[in-house]
Amino acid sequence: MNIFLTGATGLLGGELLVELSKLKEVSKIFCLVRAKNNAEAKNRIATIFNLRNDFFDKNKVIPCIGDLLHDNLADLLSENKTLANVDTIIHAAANTSFSKIYNQLVEDTNIGGLYNIVNWAKKLPYLNNFVYVGTASICGSGVKNKIIYENEFPDKKTKHFVKYTYTKMQGEIIIQKELPVEKILIVRPSIIMGDSRHTTPRSPVILWALATLNALRLCPVNEKSKLDIIPNDYAAEAIIKLLFAKRKHQVYHISSGMNSHTTLEKLLVAIGPYYNDLPPFCFIPKSSIPQIKKWARGSIESHCELAKHSEYLKFWQSEFHKKQNLRIIFAGLEPYLEFIELNQVFDKTRLLQDTDIGTSAPAHEYVTNNIEYLKKIDLLEGAVNS
Ligand SMILES: NC(=O)c1ccc[n+]([C@@H]2O[C@H](COP(=O)([O-])OP(=O)(O)OC[C@H]3O[C@@H](n4cnc5c(N)ncnc54)[C@H](OP(=O)(O)O)[C@@H]3O)[C@@H](O)[C@H]2O)c1
């Protein structure tokens, strides 16, 4: 198999790259990498392997400089003769930001960038598989408190909290329209957080939200809402198994499903023993967020709901020093709180039937394997990058 992989420098793509490179069935993996020159591109790839001392086979793994945002990307890839034998594309690159300020960039990357890859893919003589890494969250914010099945989406009428999920939904529609049905594999991971092994996770992204809620202690969210979370190693393994499987479907959830979902409460209880001397948790309704924002901008009326929790407001000021820091943290956290409240679980019967992967460990069981990493997460930096 000759693979072209995008997103290798990211959380999921990095795991896919390392695991695919170990397989004898895989001859070459060409990785689209943003870099100024070959040395920088090689260096970025080497970093992925170095994280856990994995073997970087330079004959097998070949960086290919390019940017999804460049209009001429399809032409550049077509002109690159070493790519002529590519038979499998795994498109895992995306702009995953929830922040409104990046809306245009998210759209350009996830839709414009996808078109660039698809336009090149259509000209490849030996293409067998186009794997599009989507997201289970394309169901948007309109469906709550339910088990969601693959065939219910994409639905153009669904509402989205963030541009990111909208663009990922559009991505699926583009793939279905532009590529032959038999070449398409769409995988929809749920929420990918940390790694189930005793190892360094590749990215702090969702762990950041957990670390932040743990540090706040006063959490404006329903702690009992079901959360469909999977570890990154499981997500990568599932995609690879599906790639080689006899598939009966085009679209697969990669999720915890009903047997191993978690809740914020269970996650916080699991990490609780590693944090001493912090106030007990207090969960308040999400509707308190505007009051929190008001407080962080100045002050709140003494009779409002939030004022009842003055001991936590004092704790926040001593822990986070400036109210401005809390404003930044809440701006980053708010979309995550919205997602938590949805109480969505994604059915994965298709994955279980068509592969032998089985169920992932629930996040509250494996999260303690990532505890040292979790403790070191810079909450402000994570908020700015979210
Ligand atoms: N993380 C989750 O919880 C989750 C859940 C469901 C689905 N997914 C999907 O899984 C895929 C991977 O997500 P992730 O969490 O691994 O994302 P990530 O860590 O943010 O990585 C994103 C990757 O995309 C690359 N990229 C972004 N813009 C690019 C551009 N203009 N040109 C070339 N490459 C570009 C990044 O390259 P640089 O290193 O150069 O920035 C990086 O390699 C995405 O399609 C996402 O929608 C993720």
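Q: Where is Pro154 found?
A: Pro154 lies in the loop between strand S6 (146–148) and H5; helices (H or I, at least four residues) and strands (E, at least two) are DSSP runs, numbered from the N terminus. Residue numbers start from 1 along each chain as its sequence is written. The model is predicted: local features need pLDDT of at least 70 and side-chain atom pairs count only at pLDDT 80 or more, while totals for chains, interfaces and linings use all residues.

Q: What joins Phe153 and Pro154?
A: A cis peptide bond, with omega about 10°.

Q: Why does Asn145 count as exposed?
A: A residue is buried if 20 or more other C-beta atoms lie within 10 Å of its own, exposed if 12 or fewer, and partly exposed in between, with C-beta atoms placed from the backbone. Asn145 has 11 C-beta neighbours inside 10 Å, so it counts as exposed. Asn145 sits in the loop between S5 and S6, and its phi is near 55°, a positive value in a residue other than glycine.

Q: What makes His321 exposed?
A: His321 has 11 other C-beta atoms within 10 Å, and is therefore exposed. The place of His321 is the loop between H10 and H11, and phi of His321 is positive, near 65°.

Q: Where in H11 does a kink lie?
A: At Leu333, shortly before the proline Pro335, with a kink of about 40°. The bend at a residue is the angle between axes fitted to the seven residues ending there and the seven starting there. Leu333 is also one of the buried residues of H11, including Leu326 and Phe339.

Q: Which residues have the most contacts inside the largest nonpolar core?
A: Leu5, Leu17, Cys31, Val131 and Ile239, in a core of 93 residues. A nonpolar core is a set of buried Ala, Val, Leu, Ile, Met, Phe, Trp, Tyr and Cys residues joined through C-beta atoms within 7 Å. A second, separate core of nine residues includes Ala136 and Phe346.

Q: What is Val131 in contact with, leaving aside its neighbours within four places in sequence?
A: Ile89, Ile90, His91, Leu185, Val187, Ile239 and Leu243. Two residues are in contact if their C-beta atoms, placed from the backbone, lie within 7 Å.
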